[in-house]
Amino acid sequence: MHHSVIKPNSWVALKLPSGVTRVIQVTPNTSISLGKYGTFPANLILERPYYLTFEVQDKLPEDSFSRLRVVPPSELYADVFAEEDAECANPAAGPGSNNDAVIATAEGEEFSLVDAESGNVIARSTQEVIDENARQKLTQAEIEELKRDGTNAGKDVIAKLLLSHAALDQKTSFSLSKYKLLKTKKYIRRFQVLPIDVPTFSNWQLEERDASKILDIRAEMMGLVGCWGNVHYGGEDVFLEDPKATTEQGEEALAPLQEDLLAGRWLVVDDTGGLLVAAMAERMGVLYKEDDETDEAAEEEEEETEQKDTERADGQQQETTSDTTSLARHPKRPRDNKSRDSDFAVPFSQTNTITVLHGASQPNLSFLNYWNFDVTAPQHPPHPLLNHLLTLSWLQLLKPELDTSYSTPPLTADPETLSIWKPSRRGNFHRKRRRYARVRHIVDSTRAGNFSGLVCASTMDPISILKHALPLLAGGAPVAIYSPSLEPLATLADCFSVARRTAWNSGHVAEIQGKTAEELEKWEGSEQFPLNPTLLLGTSIQTSRARKWQVLPGRTHPLMTERGGADGFIFTGWRAKPAEGKIAAKGKFKRRKVEETVSTPASA
C-alpha cells in the first residue's frame, strides 16, 4: 500500500511534459531542479497527495524561490472538453468530416486521392502540406527572447507561437492538436508526482538509465514471471517463540526449527539489483509501509535496538551514590516494563517470505533503497521486508560447515564478566550472537525445503541453479526463470524432454541403478542427463511484449521509435514428485480382426 501523501525522504517519480521521468528523493529543506522547467523547494510538495499536476510559477519580487500551483483537471483537459462540446453542438463537424479525413503523403508525391463513395479527400499532395518553419513568423532568436522574458509558466510563449503562425487555419484538427502538443511539451513548466512502484521504476531504468543492470526485463515480463511463479500473499505472519536464552547459553538454547510452520515461501535468484525481489514483495504485500506505522513507533524501535547492545548488563552494576548528580548528567526517559527479546530470538516470519540465493558475501539488492529498505543496514528502521526477506549464499546452502558465520559456535559470557566490559565490546558480543541465530535459522529453514515456488532472473546457467534448487521445492510448486536470451532456456528445456524422460524411466540408465528416490532428486548429473528429467512437468518457453500503437482512422500502426534491447524469454514448469519403482502400463487389450479385401483386375 502506498502512502496517500508524499512523505519526507521518500522516492518519487516526476513526470515532465516532454515525457521524461525523473526519480528523486524528496528531502526536506532542499531544492528540486527540473532543468529548463525550473527549480522549487522540496517542502512545497511534502504532505501533498500523489498524482497531482503542479505548475512552476515565476518568482515574485518578494520571493527568492518559485512557487507551485496545482493545475485543476478542467485546465488540463480543456482542449478535450472544448472538442466534445463542439461535436455535441455540431455533429456534422465531428471526426467524420472531410477536414479530419486528410492525411499528408510522403515527400515528392504530387497527387490527390478521393474516396468515390463518400467524396472525402484521403490524401493530399505535399504542395499543400504545411511547412512549420516556413509558416512560423517568429525567428529562433525571438523565441529564445520570449523564453527568457516569458511569464505565466510558459503559456505566453505557446500563445504567441500559435498567433504568429501564418497558416494555422489550414491545418487539420489532428495536425493542429499535434502542433499544440509539441509546443506544450517544449515550453510548459509542469510536472506530475507519481509514487515509485515497480512498473514505473522498471520503465525509468530501461529508458533513461542502464537497462543491462536489470537484464533488460520489462514490466510485462515481470508480470509474467510473477504469474507463472504463482507469487501471492502467503498467509498471516507466524513467529517462533523467544527461547529466553541467557548470555551463558550457547547453541543448545536456539529455538528449534518447526517445519510444519513453514508455508508460503518463495526461493529467488535475483541478478537484477533487487528489482525482481521488489516485484515479488509488491505482489506479496510486504514492499510498502502501511500508513498506520507512525514515526513514534519507529523512534521507539530504534531506541530499543540501541539499548539492547549498551544497557543489557548495566542494571546490576549501577551505583546508587549521587543520584541527583547522575540524573542531571544523564537524564533518562521513563522506561516501560516491556520485556526485550533475547539474542537467540528469531526475527523472521515463518510464512510469506522471500529467500534470496546469491553468490557473493552480500546480495546485490541496491534497488530496494528506492523503497526505503537497505539490506546492509545493521539497525534498520521498521520496514515490512525486515521480517520477510531472508538471504543466504550458495556456500551456506551447499556446504554450511565451511561458512564461519554458521559453523563457529556462539560467544558466551556470564553477567559478571559482561559488566566489566566496555559498552562497545558488549555491543559486539550481542550483535554476533544475534547474527549467529539469524544465519542458523535461515540456512536450516532453507535446507528443509518445501518452498512454494522458484523464481529466477540471473546470468547463471539455469541448469546449475535447478540442480540444487529443485529438491527444495514442494510438490506442484511452479518454476519461472527469466533470461534475456533464448539459448540457455532452450538447453534447459531439452533436459526435460519426453525422449529423456522415457529413457530415464526405461530402467536402462546405468548411473541410476540402485539409487533411492531421495538420491535421484539430488542427482549430480551426467553428460546425457544433466538433470533428473522427471522432476519437472509441463515445461515451456514463452515471450511477450506490449507494444504501443497509434490508432487513428486509416493509419493504425505500431510506433516504430520504441527502444530496442532483448525481448526476454521465460521458462516455466511444475515440480513433480516421481513415483518410486518401475513404471509399466497394464490393461486388457483385444486384437481387432482386419478383413482384407483383395481386388483382382477385370480381364480385358
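Predicted model: local features only at pLDDT ≥ 70, side-chain atom pairs only at ≥ 80, totals over all residues.
1. The bridge partner of valine 269 in strand β13 is cysteine 456. A second pairing of this kind sets aspartate 270 opposite alanine 457 in β13. Both belong to the contact between strand β10 (residues 263–270) and β13, which pair in the parallel sense over 5 bridges. Two strands are taken to pair if DSSP finds at least two bridges between them. Helices (H or I, at least four residues) and strands (E, at least two) are DSSP runs, numbered from the N terminus.

2. Residues are numbered from 1 along each chain as its sequence is written, and side-chain values use heavy atoms, with hydrogens and water left out.

3. As to the chain overall, the protein has 19 helices and 18 strands. Of its 604 residues, 38% are buried, where buried means under 20% relative accessible area, exposed over 50%, and partly exposed in between (1.4 Å probe, protein chains only). The chain exposes about 34800 Å², of which carbon and sulfur atoms supply 51%; accessible areas come from the Shrake-Rupley method with a 1.4 Å probe, and for residues only the protein chains shown count as cover. Among contacts with a separation of 6 or more, 71% join residues 24 or more positions apart, contact meaning heavy atoms within 4.5 Å.

4. Strand β13 is part of an open sheet of 7 strands with mixed pairing, in the order β12-β11-β10-β13-β14-β18-β15. At the edges stand β12 and β15 (536–542), each with a single partner strand, so one side of each is left without a neighbour in the sheet. Neighbouring strands of this sheet are turned by 15° against each other on average, direction ignored. Axes are lines fitted to C-alpha atoms, for helices over the stretch in contact, and angles run from 0 to 180 degrees between N-to-C directions.

5. Why does β13 (residues 453–457) count as largely enclosed by the rest of the structure? The reason is that 5 of the 5 residues of β13 are buried. Gly453, Val455 and Ala457 lie on one side and Leu454 and Cys456 on the other, so that both faces are covered.

6. Strand β14 (residues 478–483) pairs with β13 in the parallel sense over 4 bridges, and leucine 454 stands opposite valine 479 in β14. Between β13 and β14 the chain passes through helix α16 (residues 462–469), and this β-α-β crossover is right-handed. The term applies if, with the strands pointing away from the viewer, the path from the first strand over the helix to the second runs clockwise.

7. Helix α16 also meets helix α17 (residues 487–494): their axes come within 9 Å and cross at roughly 45°. The two helices are therefore oblique to each other; angles under 35 degrees count as roughly parallel, over 145 as roughly antiparallel, 65 to 115 as roughly perpendicular and the rest as oblique. Pro462, Ile463 and Leu466 in α16 meet Pro488, Leu489, Thr491 and Leu492 in α17.

8. A further open sheet has 5 strands in the order β2-β1-β9-β5-β6, with antiparallel pairing. Its edge strands, β2 (21–26) and β6 (68–70), each pair on one side only. Here neighbouring strands are turned by 35° against each other on average, direction ignored. Strand β1 (residues 10–15) and strand β9 (residues 190–195) pair over 4 bridges, with leucine 14 opposite valine 193 in β9.

9. Which elements does helix α7 (residues 198–208) lie across? It lies across β1, β2 and β9, running at about 120° to β2. The buried residues of α7 are Val198, Thr200, Phe201, Ser202, Trp204, Gln205 and Leu206, and these pack against β1, β2, β9, α8 (219–228) and α9 (275–284). In turn, α8 lies across β13, β14, β15 and β18 (569–575), at about 5° to β18. Helix α9 lies across β10, β11, β12 and β13, at about 160° to β10.

10. A last point concerns histidine 383, placed in the loop between β11 (351–358) and β12 (389–393). Histidine 383 counts as buried because its relative accessibility is 6%. Not counting residues up to four places away in sequence, histidine 383 touches Val286, Leu287, Lys289, Trp371, Asn372 and Phe373.
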